[in-house]
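Trainee: I would like a close look at a single part of this model, please.

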2 protein chains.
Amino acid sequence: MKPTIKDIAAKTGFSIATVSRVLAEKRGSYSDKTRDRVLQVAKELGYRKNTLAMELVKKKTDVIAVIVNVTPTNFSNGIIDGIQERATALRQQVIILYAGNRNHVLQHQAIITALERSVSGILLMAIEPDEADLRLLTEAKTPFCFVSVNLADEQIKSVSSDNYQAAYQATEYLIAQGHRRIGLAGIDQYHTGSQRRSGYQAALKDNHIQGKAAWIQMGDYSYQAGQAAFKPYRQMAVTGVVAASDMTAAGLQKAAQINGLELPTALSVVSIDGTLICDIATPALTSITQNFTRIGIESVNCLVGENATQLVPVTLTERDSVMKHVE
Amino acid sequence: MKPTIKDIAAKTGFSIATVSRVLAEKRGSYSDKTRDRVLQVAKELGYRKNTLAMELVKKKTDVIAVIVNVTPTNFSNGIIDGIQERATALRQQVIILYAGNRNHVLQHQAIITALERSVSGILLMAIEPDEADLRLLTEAKTPFCFVSVNLADEQIKSVSSDNYQAAYQATEYLIAQGHRRIGLAGIDQYHTGSQRRSGYQAALKDNHIQGKAAWIQMGDYSYQAGQAAFKPYRQMAVTGVVAASDMTAAGLQKAAQINGLELPTALSVVSIDGTLICDIATPALTSITQNFTRIGIESVNCLVGENATQLVPVTLTERDSVMKHVE
DNA sequence: AAAGCTATTGTAAACGTTTACGTTAAGTGC
DNA sequence: GCACTTAACGTAAACGTTTACAATAGCTTT
């Protein structure tokens, strides 16, 4: 059996209280001699503390649960790096729970799991909550924060890029390059997608461009969504496209190639994400670049009550997938 | 305060034992009427079980810890999907602990964390253990299994692709296409890298090709490693390269483009991984494709004692980054 | 020398469950 | 009507910690 503090107490002759105090480094409540003896015996026995028991009695854990929606794109790693970095600095552990992709059952289950483990905070990444999810979260007193999704509800904390601005800037950039028939590809019907659509539409409107419904090709941020959108755009003579993700942009590019065409001559594309994919693609993809690490860091700040930036700014990174358009 | 079974017991008039039995669905030890009443009150109070307390008394958890080394490449998602899939089927939860990249302190710490939580099993993904890590793992009686790393030690369980075969096949393929000056780029000095080097060298030898030391460009499987390797290969007039990862292959490709050259005319490349990166790249990258999902599934099987395939086979996927070479 | 303080340690309760064992009452077979 | 079984429930210990409170001894202060 695994040794416990009882074993150490028995072997040293001290009470379990003293052993516990030494092990927890409660300074000033034990002598140096006692400490040395206890630590020595602990080492001899190969003692390892039982986190479960500790957390049970302390009624708190140092664990942040990250529930992630497996969006078919690749942004999540950067965010998790940021979370990990900030959490480590705050002496918190990070556990990650996968919730499938838009899978309501798994998603709800993951929240329950996190709550049942009495984690210190819950981060919901790219998750679109339903009524039941929100009820569950608000009823528990566990702090939570949505990441990379902005629910547009003052009551509910979230950290994400400014989706409206991201799409607005991308669209304006294409307009500045002379494009007038501009698409938006790969967005979904949820919050993130809607916000990007609003930014896109606002940019069109501000520049007196009458958009068409079909210029918006819905999807799930995936590579496949990009591939599917290419042909419609060609048929509509769209010349520039804002892609909802790097994956979607890459899909558009691939579809162009399959049709013997190339970016940016066949189509100018600016992608929203700015991951390594943009560099790997040929030609490299111009992007509205999200600061994923920052989003991760801020989301942890948000959890622990520090005032965090809820809308992280994005930046334009010019690469080679956009060309000037002349009528 | 969060309601507990005591509260339910008080309100229903039953003892905590009965309440516990109902909640744990210990069939045959309570009447239907009792069950209904308990469940009703539990719902009223918003009861949620305390996993910590449960695990403490049961002395077992249904949690698999995955400790992942953040290798600067992108294979991990597929494996985690597989782990998740199999774990869910076995009613196990999955928590993921990040261990940095070749960071011995973090790595050791992560193992300790997992052990202190008395998880039911530990999966070590792309981790190279040191002496202390192995001692820790073997001394604890918690099952563990290395994933995507084969320690070449019968005693230590692991599930990975057949690295030797992967590199051997990649090399043979290039030879079959007429290449004679063949490089290996991006591997590290650890187990995975060494095994791939052996496969590569064996293929050269079996085909009576005298390799040169400089044909092997070491790295860390990263994009940058690929970029750095391009120039040396050109100078050595190497015509075909086995890339240690998709990222490395993409780096080689990018470096070629920066020099105004293209794959496969400037260099034939076959990549080991076969992720979506291979499709996104232009031209698409021929690869030795790993079955990541399968690796994930088998690693969980390995943990729970089912006899699992320890060496998962790889397959060649021909795309557009290799051309025939004629002297 | 009395009183007070401090450093060190011990006692025991508490955290929220599960479960071995005991008890009761009702049912069954004869 | 008796012995036996069984369904349903309760009692209490256990899991491995932390910590409030108490106790002791030695020291300081006056």
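Trainee: Which of the residues around DNA strand C come nearest?

Mentor: The model is predicted, so local features need pLDDT of at least 70 and side-chain atom pairs count only at pLDDT 80 or more, while totals for chains, interfaces and linings use all residues. Residues are numbered from 1 along each chain as its sequence is written, chains are lettered from A in the order in which they are written, and side-chain values use heavy atoms, with hydrogens and water left out.

Around DNA strand C there are 29 residues, of which A:Ser15, A:Arg21, A:Thr34, B:Ser20 and B:Tyr47 come nearest; a residue is near a strand if one of its heavy atoms lies within 4 Å of it. Of the atoms of DNA strand C that come within 4 Å of the protein, 63% belong to sugar and phosphate. By residue class, this surface comprises 12 nonpolar, nine polar and eight charged residues (Ala, Val, Leu, Ile, Met, Phe, Trp, Tyr, Cys and Pro count as nonpolar, Asp, Glu, Lys and Arg as charged, and the others, Gly among them, as polar).

An N or O atom in the side chain of A:Arg21 is 2.8 Å from a base nitrogen of DNA strand C.

Conventions: Polar contact = N/O pair within 3.5 Å; in protein donor to acceptor, adjacent residues only side chain to side chain.
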